[in-house]
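Dear colleague,

Please find the structure below, together with a short account of what was found in it.

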Amino acid sequence: MIGDISETKECQRKDPMDLFHSGQVVKICAPMVRYSKLAFRTLVRKYSCDLCYTPMIVAADFVRSAKARDSEFTTNKGDHPLIVQFAAKEAQVLCDAARIVCPFADGIDLNCGCPQRWAISEGYGACLINKPELVKDMVRHVWSQINNPKFSVSIKIRIHEDLKRTVDLCQKAEAAGVSWITVHGRSIEERHQPVHYDAIKIIKQSMSIPIVANGDIKTLKDAENVHHLTEADGIMVARGLLANPAMFAGYEETPFQCIQDWVDIALEHGTPFTCFHHHLMYMMERITSKQEKKVFNVLSSTSAVLDYLNDHYGV
């Protein structure tokens, strides 16, 4: 970690809140396990992404283990504005994690939306939407210990079946000083059901801080529609950006230049082969035939992938 991030300490820090006051809808790359790492953030920033999140990091492990810090968090001077997302259930642990990343990032986000069983059983993620007082306490604690007015503290949530409970949670978080709230418009139980954009709109209308809409946004047109439906201040995208990292720049499908950029960036960052390959599989999903996928998806080395791209696409 230190080798990559030490150079960022002196660079001009950006205030993420300036994005929300710009009058434009803020285009955001979601926290994605394994995927929203430095190399991919570098790629989407080239294609009009305004704000990037790290994958979710378990705060207790991050605070306790230098090994966890080195493997989980890497950044550089171009990687801004950057939000580090933490899974936490204790206010002081979240504060300690925030203090570690504060010199190198522009804010932290508390994950209150992960619906995975392991997270909920550990007291992390979506179970926090049922603990509004704890969320409020955690936000307050971070503010009391981070002496940087430009550093943001946000939360990412799912919604309750009874939306009044979600509005109450959001209002408590706002009272504690949360910078903005990202709302994934599904409940904990919902996975592939339609997103409740109407619920996001109700939350937006109940708050005076920025609200970010998240869920099933796969194209720039989707993003515009969701903004129209919800009046949200920002749009957060996960899988849509995996499939097309140039989405926010208006491309309908991944352009070959973007694939070339990914190859260059991934090699420069020393991206592990599995990650390098998986990203390409996502990016090329819409632009390759079934037969091509059968060949490409079983390639097993970086050199084999590079040869394939060169032979078939001139990349």
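Helices (H or I, at least four residues) and strands (E, at least two) are DSSP runs, numbered from the N terminus. This is a predicted model, in which local features need pLDDT of at least 70 and side-chain atom pairs count only at pLDDT 80 or more, while totals for chains, interfaces and linings use all residues. Residues are numbered from 1 along each chain as its sequence is written, and side-chain values use heavy atoms, with hydrogens and water left out.

The annotated active site

In UniProt, the "active site" annotation of an unreviewed entry covers C114; such positions are given in the numbering used here, feature names are shortened, and annotations may be inferred rather than shown by experiment. C114 belongs to the loop between β5 (107–112) and α7 (117–121). C114 counts as buried, because its relative accessibility is 9% (buried means under 20% relative accessible area, exposed over 50%, partly exposed in between, with a 1.4 Å probe and protein chains only). Not counting residues up to four places away in sequence, C114 touches M56, A119, I120, G125 and A126, where contact means heavy atoms within 4.5 Å.

The annotated binding site

Under "binding site", the unreviewed UniProt entry lists P31, M32, V33, Q85, H184, A238 and R239. The lining of the largest pocket includes P31, M32, V33, Q85, H184, A238 and R239. On a 1 Å grid over the protein atoms alone, a pocket is an open set of points where a 1.4 Å probe fits, with protein on both sides within 12 Å along at least five of seven lines; lining residues have an atom within 4 Å of a point.

Two of these residues deserve a description. P31 sits in the loop between β1 (26–29) and α3 (38–46) and is buried, at a relative accessible area of 17%. Q85 is part of strand β4 (residues 82–87) and is buried as well, at 2% relative accessibility. Neighbours within four places in sequence aside, the contacts of P31 include Q85, Y53 and K156, and those of Q85 include D109 and N111.

Helix α10

Which residues of helix α10 (residues 197–205) are buried? They are Y197, A199, I200, I203 and K204. Seen down the axis of α10, these residues fall within an arc of 155°, so they line one face of the helix; the arc is that of the directions from the helix axis to the C-beta atoms. The face turned away from the buried side carries the exposed residues D198 and Q205. Among the elements covering the buried residues of α10 are α9 (163–175) and β7 (181–184).

Yours sincerely
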